Amino acid sequence: MKLVLVSCCAPCSAGAIRQLADGAIDGVDDFIVMFFNPNIYPISEYEKRLTEQIKYCQQLGVKYVIGEYDHDAWRNAVVGLESEPERGARCTKCFQFRFEYAKKWAKSNGFDAVASVLGVSRHKSQSQVDSAGADVMGPMYKSIKWDENLRQKIGRESDFYRQNYCGCEFSIRKV
């Protein structure tokens, strides 16, 4: 299987990327990390997360692709859902929007499966992410159980930039 791993940030994706790079996920012959996050706001936050993702992928010698940052298109996709709570309908629509992009990119570039770490964050629901992925991609979406202990271990050992909100301008939390 050739897999696209949809990633939101280095802290959430580190364990999954390490497992894939180490060949610890059965059936995956090749993979690429996709950073497609037009939901992240402001652009300075997006750039911090992108920089960390690239740095980690390069450290491991892992291929990556960066999707277009089109915040206006993302806002149009979630219009009317701005006041939804975290893990609400806006999040579902956001995941679907990003999975549509991943599906199209994967098919155009010879990949046959897509998985994600979008549900790894404490701000998100893995079942909501998996449902959105399956709705958009059907059997092309793979729900993979990532080693949480590995993610935490890498997180403790790293100097990753860590954010305190999912990235969406409608969920920014005052610290």
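Mentor: Start with charge: Lys and Arg count as positive and Asp and Glu as negative, while His and the chain ends are not counted. The place of a charge is taken as NZ of Lys, CZ of Arg, CG of Asp or CD of Glu.

Trainee: How far apart are the mean positions of the positive and negative charges here?

Mentor: The protein has 24 positive and 22 negative charges, and their mean positions are 3 Å apart. Now some ground rules. This is a predicted model, in which local features need pLDDT of at least 70 and side-chain atom pairs count only at pLDDT 80 or more, whereas totals for chains, interfaces and linings use all residues. Residues are numbered from 1 along each chain as its sequence is written, and side-chain values use heavy atoms, with hydrogens and water left out.

Trainee: What secondary structure does the protein have?

Mentor: Helices (H or I, at least four residues) and strands (E, at least two) are DSSP runs, numbered from the N terminus. The protein has 6 helices and 4 strands. Their order from the N terminus is β-α-β-α-β-α-α-β-α-α.

Trainee: How compact is the protein, judged by its radius of gyration?

Mentor: That radius is taken over C-alpha atoms, and the globule rule is 2.2 Å times the number of residues to the power 0.38. For 175 residues the rule gives 16 Å; the protein comes to 15 Å, so it is as compact as a globular protein of that length. The C-alpha trace spans about 40 × 35 × 25 Å along its principal axes.

Trainee: What share of the residues is buried?

Mentor: Buried means under 20% relative accessible area, exposed over 50%, and partly exposed in between (1.4 Å probe, protein chains only). Of the 175 residues, 52% count as buried. For the surface, areas come from the Shrake-Rupley method with a 1.4 Å probe; for residues, only the protein chains shown count as cover. The protein exposes about 8,400 Å², with 48% of it from carbon and sulfur atoms.

Trainee: How should I read contacts along the chain?

Mentor: Contact means heavy atoms within 4.5 Å. Take contacts between residues at least 6 apart in sequence: 78% of them join residues at least 24 apart.

Trainee: Which residues does S116 contact, beyond its sequence neighbours?

Mentor: S116 is found in strand β4. At a relative accessible area of 3%, S116 is buried. Setting aside neighbours within four places in sequence, its contacts are L5, V6, F99, V129, Y141 and W146. A polar atom of the S116 side chain lies 3.3 Å from the backbone nitrogen of L118.

Trainee: Is V62 buried or exposed?

Mentor: V62 is buried, because its relative accessibility is 10%. V62 sits in the loop between α2 (43-60) and β3 (64-66). Beyond four places in sequence, V62 is in contact with I17, A21, F31, V33 and C57. M140 is another matter: V62 and M140 are 78 residues apart in sequence and 22 Å apart in space, C-alpha to C-alpha.

Trainee: And is D26 buried or exposed?

Mentor: D26 is exposed, because its relative accessible area is 73%. Its place is the loop between α1 (10-21) and β2.

Trainee: Which side chains make polar contacts with E86?

Mentor: A polar contact is a pair of N or O atoms within 3.5 Å; within protein, one must be able to donate a hydrogen and the other to accept it, and residues adjacent in sequence count only if both atoms are side-chain atoms. The E86 side chain has such a contact with the side chain of K124, at 2.5 Å. The side chains of E86 and S171 are joined by another, at 3.5 Å. E86 lies in the loop between α3 (71-77) and α4.

Trainee: Where does N109 lie?

Mentor: N109 is in the loop between α4 (89-108) and β4 (113-116). N109 counts as partly exposed, because its relative accessibility is 36%. A polar atom of the N109 side chain lies 2.8 Å from the backbone oxygen of W105. N109 and V4 are 105 residues apart in sequence, but 10.0 Å apart in space, C-alpha to C-alpha.

Trainee: What should I look for in the backbone?

Mentor: Most residues other than glycine have a negative phi, and most peptide bonds are trans. R87 is not a glycine, yet has a positive phi of about 75°. R87 lies in the loop between α3 and α4, and is partly exposed at 43% relative accessible area.

Trainee: Which peptide bond is cis?

Mentor: The bond from Y41 to P42 is cis, with omega near 0°. P42 is in the loop between β2 (30-35) and α2.
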